[in-house]
Each structure stands twice: as structure tokens, then as C-alpha cells.
Amino acid sequence: MAAYEYEVNDERKEKFVYGDVGYVVWDTYIAYDPDKGETYNTFDDLKGKKVYVTTSTNQAAMAENYLKDNPDAFTLVYGEYSNEQIVQALTSGAVDATLAPKYQIDNYNKTFDVDLKIGDEPVHNSDAYLLFNKKTDTKLIDAVNTALKELKGDGTIKKLSEKYLDGDYVPKD
């Protein structure tokens, strides 16, 4: 079993079984530094811009898919996952935007004392789910789904989100 911010995508569906209960909202927004004078709400708003994506993420995959239908709409700048690197690239103007969930941008703003903004609406809606090996006993999967549903229902997941993430990032099923 794997627990992280694993979003549903076709490639992962081929290799894994997803749990049935989303435990964190992982909607993807376009994030940017408003001090640079631009606002970005949609992929179309990024025409001619540089967009930072972390290698091998769902955010990179969605941007790559957009570019398949809209070649040369914007330039992807790939990097390793480093919060400092992403924030510095945005605030220095090395890139114009990045793709991230609201939680991540809230975290950047708090950690680095910046004021990054997100677009008005997500460019992709998604919750994160647990992943299981395809050979996992279905009784275990069912037991984990049931337990996670109970923890969401009694407010435990929300309390953990507020304690460790400084906000309620639990999906409202």
C-alpha cells in the first residue's frame, strides 16, 4: 500500500488498484507571483510563458497533454522537487507560473513569507487516493477503505489536516 498525494491517472490504473476514499484535495491550479503583473487562470492564459513543472508528476503530465493539442502554447521548464527552487523561480521571474494544489501554494506562502496566488478555478480536479499493488488481497483493500471512510466521517482526517497542514484539505464527498 502506498500513501502520498497519488492522483488517478490512466498510467497508474494499469499498474495499481486505487482505494475508494479520497483523503486530500489535490486540485491543480496555476500558481504565480502577482508582483510580476500577470494573472493566470487557464492554460490559455499561459501563451508564450514559461511554466515550471516537477519531473514525473501528474502536473507535468497534464501540461504535456495540453501541449499535445496546443503545440508551442508555452514552454515547460522541468526541475527536481525542491520547494525553495520553485518559489525562487517564481519570485525571480525565471518562470512565469507553476502548477500546484492550493495546499502547496499555502505552504510556500507560509514557509517562505511570499504571496503567491492561484487562478480562480483549478485546471484539474482531483483527490489523492491510496494505491495498492494489484496482487493485494481485496479484504485488505476493503478494510482500509472502510477505516479511511470512518476516519473522514468522524472528523479525524480533518483534525490531522488542520494540525499538520494548517488547513482543511479534506475532500467533501
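Lys-49 is in contact with Glu-38, Tyr-40, Ala-73, Phe-74, Thr-75 and Asp-96, leaving aside its neighbours within four places in sequence. The model is a predicted one. In it, Lys-49 sits in the loop between β3 (28-32) and β4 (50-54).

**Lys-49**
- Lys-49 has a relative accessibility of 21% and therefore counts as partly exposed, since the buried class is limited to values under 20%.
- Between the C-alpha atoms of Lys-49 and Leu-76 the separation is 8.6 Å, while the two residues are 27 residues apart along the chain.

**Lys-152**
- Lys-152 belongs to helix α5, which spans residues 138-153.
- With 15% relative accessibility, Lys-152 counts as buried, because the value falls under 20%.
- The side chain of Lys-152 reaches the backbone oxygen of Gly-22 at a distance of 2.8 Å.
- Apart from neighbours within four places in sequence, the contacts of Lys-152 are Val-21, Gly-22, Ile-157, Val-170, Pro-171 and Asp-173.

**Helix α3**
- Helix α3 covers residues 83-92, and Ile-86, Val-87, Ala-89 and Leu-90 in this helix are buried.
- An α-helix has 3.6 residues a turn, so residues three or four places apart point the same way.
- Glu-84 and Gln-88, on the other side of α3, are exposed.
- The cover over the buried residues of α3 includes β3, β4, β6 (97-101) and α4.
- Gly-93 follows α3 and has a positive phi, near 85°.

**Positive phi outside glycine**
- Ser-56 is not a glycine, yet its phi is positive, at about 65°.
- The position of Ser-56 is in the loop between β4 and α2 (58-69).
- Ser-56 counts as exposed because its relative accessibility is 69%, and the exposed class takes values over 50%.
- Asp-113, also not a glycine, has a positive phi of about 50°.
- The loop that holds Asp-113 runs between α4 (102-112) and β7 (117-118).
- At 70% relative accessibility, Asp-113 counts as exposed.

Definitions and conventions
Residues numbered from 1 in each chain as written. Predicted model: local features only at pLDDT ≥ 70, side-chain atom pairs only at ≥ 80, totals over all residues. Heavy atoms only, no water. Helix = DSSP H or I, 4+ residues; strand = E, 2+ residues; numbered from the N terminus. Buried < 20%, exposed > 50% of the residue type's maximum accessible area, 1.4 Å probe, protein only. Polar contact = N/O pair within 3.5 Å; in protein donor to acceptor, adjacent residues only side chain to side chain. Contact = heavy atoms within 4.5 Å.
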